[in-house]
Each structure stands twice: as C-alpha cells, then as structure tokens.
Amino acid sequence: MTGADAEDDIPLNERKTVTDFCYLLDKSKQLFNGLRDLPQYGHKQWQSYFGRTFDVYTKLWKFQQQHRQILDNRYGLKRWQIGEVASKIGQLYYHYYLRTSETSYLNEAFSFYSAIRQRSYYYQVNKEDRPELVVKKLRYYARYIVVCLLLNKMDLVKVLVKELSEEIEDYTQRFNTEDQLEWNLVLQEVASFVEADPVVLLNDNNCVTVISYRLQEGSVPPLEQGMVVGQLVLADALIIGNSNSQVKFSELTIDMFRMLQALEREPGNLAVQTCKQGILEPNEKPAKRENPHKYLLYKPTFSQLFTFLSASFKELPANSVLLVYLSATGVFPALNSEYEVGPYDFGGVLTNSNRDIVNGEVIQKRNQSQKDMHCLHPGDLLPFTRKPLFIIVDSTNSTAYKNFTNMFGQPLVCLLSPKVYPKSIQDQAFLQFFGDEFLRLLLIRFVFCSATLRLHKVFRDSQSFPESYPELPKQDTVESSVLQKHILKMAAILDVQNLFWDHSVEAY
C-alpha cells in the first residue's frame with residue numbers, strides 16, 4: 001500500500017483533526033516567536049499581542065487533550081512535544097509576570113512547569129539521538145529553577161539543581177558539543193545563588209523556614225492615629241543591576257532578586273489545578289491592589305537606562321511615584337577639586353559600555369577633564385525629579401547622590417548604602433512617601449538597618465553607615481533610644497549581644 005493509499009484510509013474527521021492541530025501548532029509558534037519583537041517598555045503596546053498568543057495556546061492545549069488518541073495514532077504525537085507546549089505556556093505566564101508584576105501569573109507558570117516534571121513529558125528525550133531535544137529539556141530545567149527561586153521554593157530548587165546536574169553530565173557524555181562549558185557555568189551560577197540566598201531561621205516548632213522579602217498581610221506597621229502623610233502611590237520601579245562581580249542567575253543578580261520581591265505582595269494560594277483544562281486569562285486580575293510595575297535591567301547601557309526611565313516617567317499616573325533602584329559599581333571623579341560642586345562633579349554609578357560603539361570602537365573619554373559618559377551621574381536624574389522620585393543606591397559611590405538639588409519642589413528621597421564596609425530633614429519629604437505600603441516598609445527597613453549598624457562594634461567609621469537625602473532626623477530614627485533597646489533585645493534573643501554596644505550612642 002502506497003503512502004497516498006494509507007492517507008486515503010484515514011477517516012475524513014481524523015484527517016481534519018490532524019490538520020487543525022498542525023494549524024494551531026504552527027500559529028502558536030509564529031505568535032510565540034513574535035514576542036521577542038515586542039517593545040520592552042511601555043504598558044499598552046504589547047497587551048493585545050499577548051492576548052492573542054494566550055488565546056491560541058489555550059485552544060492548542062485543549063485540542064491536544066480532547067483529541068489525544070487520534071493525534072497519537074495519526075500524527076505520531078510524542079510526549080516531549082506535549083511537554084514543549086506546556087513549557088511554552090509556562091514561559092508565557094513567566095513573561096507576563098515580568099511585564100505586569102502580578103505574582104498570580106508566576107504561580108501559573110509554576111503549575112505548568114511542575115506538570116512537565118510530574119508527568120515525565122521529557123523522559124523519552126534521553127533515549128533519542130538528538131542533542132537539540134536534550135537542550136530543550138535543559139532549558140526547561142533552567143526556567144523552572146528561576147520560577148522556583150522567585151517563589152522561594154528552595155527545597156525544590158535544590159532537587160531540580162541536582163537533577164539538572166545529572167542531565168548535563170549525561171548530555172556532555174553522550175554528545176560532543178561546544179556548549180558544555182556554558183551549561184557547567186549555569187550550574188555554578190545557580191549553586192552560588194542558592195548559597196547566597198535566602199535567609200533562613202527556625203520557627204517556634206524548630207522547623208527551618210525561608211524568609212520572604214515580599215510584603216505580607218499585616219507585615220507593615222500601620223500608620224499612627226492622626227498621622228498626616230502623603231497620598232502618593234508607588235506605580236513604577238526600575239531595578240538596575242550592574243555590579244562587576246556579583247552572584248547572578250539568568251540575568252538576575254542577588255540584589256535585583258531581593259528588591260523585586262520587596263516590591264511585591266506575597267502570592268496567595270490560588271489552588272490552581274496543575275495544567276487544568278482552562279488557562280488563566282491575562283485580564284483576570286487579583287482583587288487586591290496591583291503590585292507596582294517593574295523593569296528589570298541587567299547591565300544596561302546608558303542609552304537603554306535612559307530610554308526606560310523616560311518611558312516610565314511618561315506613563316507615570318498622577319499622584320504616583322517612580323522608584324529607581326541602582327545596584328552598581330561606583331564611578332569616581334578623575335579629579336578631586338574644591339570647586340567640584342555640581343551634580344556631574346561627584347561621579348555616580350557605572351552603566352554598561354559594551355554596546356556603546358562608534359565605527360566599531362568603544363567610545364572612551366578623551367581627557368581627564370571630561371566626565372565619564374558611561375556613568376549615571378546624579379545630574380542625569382534631575383529631569384525626572386519633575387515628578388515624585390524615590391531613589392535607592394547600593395554602590396561604593398552611593399554618596400554622590402547626596403548632591404541633589406530639588407529644583408522642582410516635588411517629593412524626592414534618596415536612600416544610600418554605606419560607601420565602605422569594615423575590614424574585620426526634613427521629616428516632611430519622607431512622610432510624602434509614607435502612605436504607600438511598599439515605600440513605608442522600605443523606609444522602615446532602612447532605618448532599622450542604619451540603627452543596627454550604628455550599634456555594631458565593628459561598624460565604627462561614619463562611611464560604614466547608610467545615608468539619605470534629605471538627612472533623617474537621627475534622634476527620632478536611627479539613633480532613637482527606643483529603637484536601640486529593641487535591637488539589643490533582639491541581639492540577646494539571638495545570643496549575639498557581644499557584637500553590639502550595650503550603652504547609648506551618647507557614650508561614644
């Protein structure tokens with residue numbers, strides 16, 4: 001019997017089922033590949049495209065479930081192909097989470113990634129002599145680990161890392177490929193990331209629990225009765241990581257990881273059925289107030305950073321705040337002079353210079369009197385102080401951002417990390433931001449950290465203390481005797497009171 005005769009023997013309805021499946025599969029791939037062409041900034045331009053992509057994948061997933069037997073017999077559908085569809089849906093939810101900051105979509109991504117592993121969709125891949133299929137499996141593991149890290153599922157992360165290590169070892173032994181070092185680097189990065197985070201402690205039942213950086217119900221101290229604060233709301237945040245040698249995984253440094261979680265509410269238990277019949281539509285939003293929208297920028301060039309800043313500034317709603325978090329290597333001025341008094345005379349933090357090229361060559365400063373063009377100077381942020389701006393700088397040159405002038409009279413606060421670590425106000429400005437739960441918690445954590453370091457016996461140099469613009473009223477905040485008593489009490493509970501001064505700050 002010829003191939004044509006065999007095809008003629010297929011019932012018309014089954015042939016249509018295969019044809020419809022192929023159409024949905026091709027359409028889904030086309031739309032998914034088009035995601036990379038969408039603009040990375042702006043809130044509106046990409047939503048309709050994501051909606052169409054979700055719609056096609058919803059139809060594809062339901063279709064393969066309803067017609068599995070026909071597709072197995074007539075199309076030869078493999079389990080790894082089902083796994084690929086599930087993986088693409090997981091990626092869709094993850095990227096939608098990145099664009100919306102809604103953790104409900106992160107939970108949905110986890111549900112699909114989890115189903116792939118539980119149902120062993122990629123199990124048969126290792127028996128086929130096709131290295132490109134094994135790479136699909138390795139990439140799935142890497143994506144699954146990222147989602148688990150963001151959901152603080154650290155026990156599962158350790159299991160997945162072990163499985164990924166075994167898969168990489170099998171892959172490199174079976175195939176002589178050029179990406180062996182690349183995958184070993186992925187393993188090293190995730191191992192370092194897990195070692196660096198998160199903080200764990202023992203609860204009342206002597207069980208190890210993972211500390212979450214996210215905002216939890218009841219975790220933010222309420223406003224004092226009669227306290228007058230601003231009505232500003234944190235709407236947008238840029239989280240920038242550009243430190244030269246910092247623990248990272250998948251273009252997410254440990255600092256970026258912690259800060260993005262600090263700007264999110266703890267995801268609720270959605271009781272999602274793993275790979276359920278339907279798929280959560282993008283427009284199904286949680287009932288609570290949304291998390292602030294975030295852009296994650298890993299080692300951006302100045303041009304990229306300025307573009308994202310401008311987009312956020314443009315779309316910032318009324319009575320809203322733009323937060324800029326800078327975790328980056330410090331850039332210091334080439335010449336120190338008593339005449340250095342401007343916002344471009346104190347250096348700043350580094351931006352990526354790798355892609356700032358003219359005629360094939362990286363642009364360099366021509367002489368010492370010129371400013372570093374790959375540095376984000378405090379003066380570069382001045383145009384954005386026309387709207388409420390909240391800046392956090394974690395850098396060896398963080399104090400460069402003390403040299404701000406509030407030219408437009410809008411609320412402006414800068415929280416600055418210590419410049420060095422030991423070898424062994426205006427109240428009104430802060431109160432403008434105190435009405436927002438996320439910003440209130442950040443300010444409280446900043447004050448607690450500052451007060452703790454001031455009591456620590458090792459942190460004696462003033463440059464080892466965090467600073468702020470405008471300066472906090474020390475007696476009421478970082479040097480408050482009431483706060484000091486609480487810190488010393490906590491130190492005693494943790495049995496580390498020998499590390500702290502147990503007398504008031506006036507004594508030293």
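In this predicted model, pLDDT stays under 50 over residues 1-5, a stretch for which the model has two contacts beyond four places in sequence. For the protein chain, the mean pLDDT is 84, and a value of 70 or more is reached by 84% of the residues.

Helix α7 spans residues 131-150 and helix α8 spans residues 154-174. The axes of the two helices come within 10 Å and cross at roughly 165°. As angles over 145 degrees count as roughly antiparallel, α7 and α8 are therefore roughly antiparallel to each other. The crossing of α7 past α8 is left-handed. On the α7 side, the contact is made by Pro131, Val134, Val135, Lys137, Leu138, Tyr141, Tyr144, Ile145, Cys148 and Leu149. The α8 side contributes residues including Met154, Leu156, Val157, Leu160, Glu163, Glu167, Tyr171 and Arg174. Of the residues in the contact of α7 with α8, 17 are nonpolar, four are charged and none is polar.

An open sheet is formed by three strands in the order β6-β7-β10, with antiparallel pairing. Strand β7 covers residues 348-350 and pairs with β6 in the antiparallel sense over two bridges. Within β7, Gly348 is the bridge partner of Val331.

Notes
Residues are numbered from 1 along each chain as its sequence is written. This is a predicted model: local features need pLDDT of at least 70, side-chain atom pairs count only at pLDDT 80 or more; totals for chains, interfaces and linings use all residues. Side-chain values use heavy atoms; hydrogens and water are left out. pLDDT is the predictor's confidence in each residue, from 0 to 100. Contact means heavy atoms within 4.5 Å. Axes are lines fitted to C-alpha atoms, for helices over the stretch in contact, and angles run from 0 to 180 degrees between N-to-C directions. Helices (H or I, at least four residues) and strands (E, at least two) are DSSP runs, numbered from the N terminus. Angles under 35 degrees count as roughly parallel, over 145 as roughly antiparallel, 65 to 115 as roughly perpendicular and the rest as oblique. A crossing is left-handed if the near helix is turned anticlockwise from the far one by less than a right angle, and right-handed if clockwise. Ala, Val, Leu, Ile, Met, Phe, Trp, Tyr, Cys and Pro count as nonpolar, Asp, Glu, Lys and Arg as charged, and the others, Gly among them, as polar. Two strands pair if DSSP finds at least two bridges between them.
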